[in-house]
Amino acid sequence: MSIEIENLTHVYMKGTPFEKKALDNINIKIEDGQFVALIGHTGSGKSTLIQHINGLLKPTSGKIIVDDTDITLKGTKLTDIRKKVGLVFQYPEYQIFEETIQKDIAYGPKNLKLDEEEVMERVKRAMKMVNLDYKTFADKSPFELSGGQKRRVAIAGVVAMEPKVLILDEPTAGLDPKGRDDILGQISKLQKEYKMTIILVSHSMEDVAKIADRILVMNHGKCILDGKPNEIFKEIDTLESIGLAVPEVTYLVRELRKKGFNISEDIFTVQQAKEEIISYLRSVKNA
Ligand code: ADP
């Protein structure tokens, strides 16, 4: 199931003095099972773009084709789109409202008018997918949980709709480093084990470097870079010119190379840097 975005333009409050072009002729094709990160500073158009992919916003012009269906056509039902494309908003735990975790996760599937047994199956599957033990958590209040666990419950609520594509808007925002790694690990698992297509909106190059297959960089409503992490992080000057930075460790590697360390410049995680530096030092020692 692919997503094709063709010549997508979105203008807010068209024809008023507050008119704002938030998306300017975007063309992107996302293949089934990809892990795509969408990066850009505040106001670059990321939220506007993702809300088009699940039909919450309609384009001013252009098309969005999900699984061979043009979802911008009149008559397309939002529920049909939501079955395919799940959207986890920023701070999704604020939308938790039920008294138990299982009731909260069941809310979406119930709205799909599935029978009770199927709803329960989905709740169990979704909890497993985000690593929440059913017996321990099902009847607990979501409000007793830690911030990271609450977020997992909220993500499970969307996952329980069993979408093929999962879009997450800043899923690590406000979490501590352990909570961030934990959520990123869960999301990575959803792609690898459950074959979901993931679109992750993020400010953090560090986060994205660890898990994305592909990075799209947005600026002023345009997609200005599109490539694998190693291709994107070579564009340090372009990224800095729009207020973004490459991962800290990539700067470190650059400095080491200037000082004569013969190591690869394609390094953007601490783990990669560690392995590369150790292997370089070993080769120097053995020489
Ligand atoms: P991002 O998610 O990258 O921060 P947005 O998609 O939220 O960017 O915003 C893109 C542009 O559209 C910004 O200039 C923003 O002010 C404007 N914008 C966003 N939402 C609205 C809205 N509901 N009405 C008017 N302008 C909006």
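The legends below describe close-up views of a predicted model. Local features require pLDDT of at least 70 and side-chain atom pairs pLDDT 80 or more, while totals for chains, interfaces and linings use all residues. Residues are numbered from 1 along each chain as its sequence is written, and side-chain values use heavy atoms, without hydrogens and water.

**View 1. The largest pocket, with a volume of about 600 Å³.** A pocket is an open set of points on a 1 Å grid over the protein atoms alone, with protein on both sides within 12 Å along at least five of seven lines; lining residues have an atom within 4 Å of a point. Grid points are joined across faces, edges and corners, and the volume is the space filled by probe spheres set on them. The lining has 24 residues, and Gln95, Tyr107, Gly108, Gly157 and Val158 lie nearest the centre. Two or more lining residues come from each of H2, strand S6 (85-88), helix H3 (101-111) and helix H6 (147-159); helices (H or I, at least four residues) and strands (E, at least two) are DSSP runs numbered from the N terminus. H3 contributes the most, five residues. The lining divides into 15 nonpolar, seven polar and two charged residues, where Ala, Val, Leu, Ile, Met, Phe, Trp, Tyr, Cys and Pro count as nonpolar, Asp, Glu, Lys and Arg as charged, and the others, Gly among them, as polar.

**View 2. The second largest pocket, of about 190 Å³.** Of its 17 lining residues, those nearest the centre are Thr42, Gly43, Ser44, Gly45 and Lys46. S2 and H1 each supply at least two lining residues. By class, the lining has two nonpolar, ten polar and five charged residues.

**View 3. The largest cavity, holding about 30 Å³ of space.** A cavity is a set of grid points where a 1.4 Å probe fits but cannot get out. The structure has one cavity of 30 Å³ or more. Its lining consists of Ile28, Ile30, Val36, Leu38, Leu49, Ile50, Ile53, Ile199 and Leu216. Strand S2 (20-30), strand S3 (35-39) and helix H1 (46-53) each give two or more of these residues, and H1 has the largest share with three. The lining comprises nine nonpolar, no polar and no charged residues.

View 4. A salt bridge places a side-chain nitrogen of Lys or Arg within 4 Å of a carboxyl oxygen of Asp or Glu; the structure holds 16. About one helical turn separates Glu118 and Arg122, because they are four residues apart in helix H4 (residues 116-129). Arg122 is buried at 12% relative accessible area, and Glu118 is partly exposed at 27% (buried is under 20%, exposed over 50%, partly exposed in between; 1.4 Å probe, protein chains only). Glu118, Arg122, Arg125 and Glu162 are linked in a network of salt bridges. In helix H11 (residues 248-258), Lys258 and Glu255 are three residues apart and so separated by about one helical turn. Lys258 is exposed at 62% relative accessibility.

**View 5. The salt bridge of Lys103 and Glu99.** The N to O distance between the two side chains is 2.6 Å. Lys103 is partly exposed at 37% relative accessibility, whereas Glu99 is exposed at 55%.
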